Every structure is written in structure tokens, then in C-alpha cells.
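The exercises below are to be worked through with the sequence and the 3D structure in view. Try each task before reading its solution.

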Amino acid sequence: MTLKPLARRLSLALVLASPMILPSVAVADDASLTREMIVNDPAAPKSGATNADVTIVAYLDYNCPYCKKSAPELERLAKSDPKLKVVYKDWPILTEASVYGAKLALAAKYQGKYDEVHKALMAIPGRKIPAERMLAAVTASGVDMARLEADAKAHADEITALLKRNDAQAKGLGLQGTPVYLVGPLFVAAALDYGQFKEAVAEARKRAGKS
């Protein structure tokens, strides 16, 4: 069965992730580009089920309006689907402030507040959001800012290394921009609403024989 019917219904391009897109450990030249590291990088923030049957890997930028449009839809899906896991790949490519925002979110992970900061940053309307406005949104999210600043310094090398891995993975996958969602074996380079996310997950489960 081809993906054309699904692609028409979603009005976007969905293609199967081949071994060239998600390489196995045996064929990857760079350890950060293996299927395992793309889907299960231990440093990448995650939400949802620990025993998931479908994983969505989301490459995002906090200055991407399309990422912001889809963010609450993906959050809604993750909360409603008990067998779904979401892996967040901060890929700040649009502005210097995007890098700043990504580092804030990843620093918040160390106090268990990545989701709160991620949501606060994605909720800022518009594009080219300056760092000062991002900082204000994060401060208003209720995180411990003193702890966040301390963690940002203490884990600076780890955060930078993760962002470099995310960038290497995105380039290795041939991504052209954000958002991009790897939904199980499906590759989706478009903003999705709740229904479209749900349909893509259903298709991923169907292909895995789990529906």
C-alpha cells in the first residue's frame, strides 16, 4: 500500500523512513546519526508513555510559527494517547534567540520543567522573538530561575553537545526546516493539527501491525 491516500487526506508529504533516513548502528558513520540516537537519545527531553508503541520525534525551533501552531495539538495528542511517546529535538536554526530559547528549555529539564518551558516558549506569538521576551515567558512559567541559571552553567557542555547532535541528525536526515515529525516510520515535514497527528499515528500503528 502506498502513502498517497494518506498524503492526499493530510495535504502533506508522508514518506516511509528508509534505512537511509534512519540508519542502523551498523551503517551509520556518526554515532549521533544512528536510529537509536535519533529516537532514544538519553539526553533528549521526552513526554508520554514509557512503554509506547509509537514514538514521534519532533524537530522544532522556538521562532518557528508553524511549530507554534502545532505544539498544542501535539501536546493534546500526547495526553490523550496512552501508548504514544514524544521526543523533542530542539533544532534552533532561525535566529540567535532561537538558540537562547533552546538552551533555556534544555536547562529547565534538569529540574523536571522542560515541558513547562517548552509550552511557555511555544505560546509566544509571532516570529523573531527576542531573547528578552523569551526569558520573560520562561520566568512567568513558574520554574525556579535561580536553579535554571545554575543548571545552564553547570550543564552548558551537555546542552551544547545535545544541540550539536540534533543539528547533525537533522542535516543527516536532509531536513530543510521546521517543523519535522518522525511518526514511527513516517516522515512529516509540515504543521499538523490534532486530527492529522492522530491519523499519522494510526497509520504508523497500522504499518507496525499494532492497530
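**Exercise 1. Describe the lining of the largest pocket, by residue class, by position and by element.**

Step 1. The residues of the lining of the largest pocket fall into eight nonpolar, three polar and six charged, where Ala, Val, Leu, Ile, Met, Phe, Trp, Tyr, Cys and Pro count as nonpolar, Asp, Glu, Lys and Arg as charged, and the others, Gly among them, as polar. The model is a predicted one, in which local features need pLDDT of at least 70 and side-chain atom pairs count only at pLDDT 80 or more, while totals for chains, interfaces and linings use all residues. Residues are numbered from 1 along each chain as its sequence is written, and side-chain values use heavy atoms, with hydrogens and water left out.

Step 2. The volume of the largest pocket is about 300 Å³. Of the 17 residues that line the largest pocket, Ala71, Glu75, Tyr88, His118 and Lys119 are the closest to its centre. On a 1 Å grid over the protein atoms alone, a pocket is an open set of points where a 1.4 Å probe fits, with protein on both sides within 12 Å along at least five of seven lines, and lining residues have an atom within 4 Å of a point. Grid points are joined across faces, edges and corners, and the volume is the space filled by probe spheres set on the points.

Step 3. Strand E2, helix H3 (65-80) and helix H5 (114-122) each supply at least two residues of this lining, and H3 gives the largest share, seven residues. Helices (H or I, at least four residues) and strands (E, at least two) are DSSP runs, numbered from the N terminus.

**Exercise 2. Is His118 buried or exposed, and which residues does His118 touch beyond its sequence neighbours?**

Step 1. His118 is found in helix H5. With a relative accessible area of 9%, His118 is buried, since buried means under 20% relative accessible area, exposed over 50% and partly exposed in between (1.4 Å probe, protein chains only).

Step 2. Not counting residues up to four places away in sequence, His118 touches Leu60, Tyr62 and Tyr88, a contact being heavy atoms within 4.5 Å.

**Exercise 3. Explain why Asp41 counts as buried, and find its partners.**

Step 1. Asp41 lies in the loop between helix H2 (35-40) and E2, and Asp41 counts as buried because its relative accessibility is 1%.

Step 2. Not counting residues up to four places away in sequence, Asp41 touches Glu36, Lys46, Lys89, Leu162, Arg165 and Gln169.

**Exercise 4. Which residues of the largest nonpolar core touch the most other members?**

Step 1. A nonpolar core is a set of buried Ala, Val, Leu, Ile, Met, Phe, Trp, Tyr and Cys residues joined through side-chain atoms within 4.5 Å. In soluble globular proteins, nonpolar side chains tend to be buried together.

Step 2. The largest nonpolar core has 47 residues, of which Ile56, Leu74, Leu121, Val138, Tyr181 and Val183 touch the most other members. Helix H4 (residues 96-108) provides the largest share of this core, seven residues.

Step 3. Leaving aside neighbours within four places in sequence, Val138 is in contact with Leu104, Val117, Leu121, Val143, Met145 and Leu148.
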